[in-house]
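Subject: Structure handover

Hello,

Here is the structure you asked to look at. Please open it alongside this note.

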Amino acid sequence: MRNIPDVLVDRIGPLVEPLHEAFEAARYRLDTAFPGLIGPDQDWLRTHTLRGLLYQDLNRTGLSEGWTLGGGHNKNGAVHLVYGSAEIAVRVVHKVFGDTPPAGSNRLRRAFYTNAAIRELSDEKDLPVQNLLATWAENGADEPFEIDVVRPIEPGRVGKGVRADLAFPLPRNRTAFEDLEFDTRDEDETLNFSWDDEDQKDGDG
């Protein structure tokens, strides 16, 4: 049984293939146009470069069905996706040790992470503004990017993780996404990881 609100399934669906395609285009450009750019112990540089190229590709090709690029890219290369008049906003953030990074100390980012829990809403079919994270990881040169959508309900902190009441994958194919069966996370569940504050600072990863 699908427990995720249908409105989010309907809105997120159009992002699935364009987001994967943009990540793949960014990887192709990085690996073919800039060979040797990433040195030993410079995974951070690959992450930042992929993010910048991702933004360029999304800006060039555009998004469809109500989605646009949001502002703030000049702040350490942040990539924000917005639906309609910002009733849904998605921040694209790099996974840290496989998990969702916390908001850090930035006040606006901490506010973004603080959604009201779905179970506290009077009507989950009539959702207020939704702030979501699209967390990503690269698992191999020929593998699809690992992308998940997370709905955080608190900023989280180093060593304690991020509490979320929704978390679901974005498969490479939109049809596969729409065929998924989703389960909401218990709001007390914590996404645990170890995290270095230097990895994020003022940007979104």
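Below is what was found in it, from the overall picture down to single residues.

This is a predicted model: local features need pLDDT of at least 70, side-chain atom pairs count only at pLDDT 80 or more, and totals for chains, interfaces and linings use all residues. Residues are numbered from 1 along each chain as its sequence is written, and side-chain values use heavy atoms, with hydrogens and water left out.

Confidence first. The mean pLDDT (the predictor's confidence in each residue, from 0 to 100) is 84 for the protein. A score of at least 70 is reached by 82% of the residues. By element, helix 2 (residues 16–33) has the highest mean, 96. Strand 7 (residues 190–191) has the lowest, 42. The pLDDT stays below 50 over residues 184–202. That stretch still has 58 contacts in the model beyond near neighbours in sequence (contact: heavy atoms within 4.5 Å).

Now the fold. The protein has five helices and seven strands. These are DSSP runs, numbered from the N terminus: H or I of at least four residues for helices, E of at least two for strands. Along the sequence the order is α-α-α-β-β-β-α-β-β-β-α-β. Of the 205 residues, 44% are buried. Buried means under 20% relative accessible area, exposed over 50%, and partly exposed in between (1.4 Å probe, protein chains only). Among contacts with a separation of 6 or more, 62% join residues 24 or more positions apart.

Helix 2 has 18 residues and should span 26 Å at 1.5 Å a residue; its end C-alpha atoms are 26 Å apart, which agrees. The expected span is 1.5 Å times one less than the number of residues. Its buried residues are Val16, Leu19, His20, Ala22, Phe23, Ala26, Arg27 and Leu30. Seen down the axis of helix 2, they fall within an arc of 160°, so they line one face of the helix. The arc is that of the directions from the helix axis to the C-beta atoms.

Just after helix 3, Gly62 has a positive phi of about 75°.

Next, the rings. A pair of aromatic rings is described by the distance of the centres and the angle of the planes. Rings of Phe, Tyr and Trp (its six-membered ring) pair if their centres lie within 6.5 Å; planes under 30 degrees apart count as stacked, over 60 as edge-to-face and the rest as tilted. The whole structure holds five aromatic pairs. One of them is Trp67 with Tyr83, edge-to-face, at 5.5 Å centre to centre and 65° between the planes. This pair links distant parts of the chain: Trp67 is in strand 1 (residues 67–69) and Tyr83 in strand 2 (residues 79–83), 16 residues apart. Both Trp67 and Tyr83 are buried. The ring centres of Phe168 and Phe177 are 6.1 Å apart with planes at 35°, so the pair is tilted. Phe168 and Phe177 are both buried too. Phe23, Trp136 and Phe145 make one aromatic cluster.

The charged end of Arg91 sits over the ring of Phe112, 4.3 Å from its centre. The criterion is NZ of Lys or CZ of Arg within 6 Å of the ring centre and within 35 degrees of the ring normal.

Last, the loops. Most residues other than glycine have a negative phi. At 33% relative accessibility, Ala86 is partly exposed. Its C-alpha atom is 9.3 Å from that of Trp67, 19 residues away along the chain. Glu143 is in the loop between strand 4 and strand 5 (146–152). It is partly exposed, at 46% relative accessibility. Glu143 and Glu24 are 119 residues apart in sequence but 9.6 Å apart in space, C-alpha to C-alpha.

Best wishes
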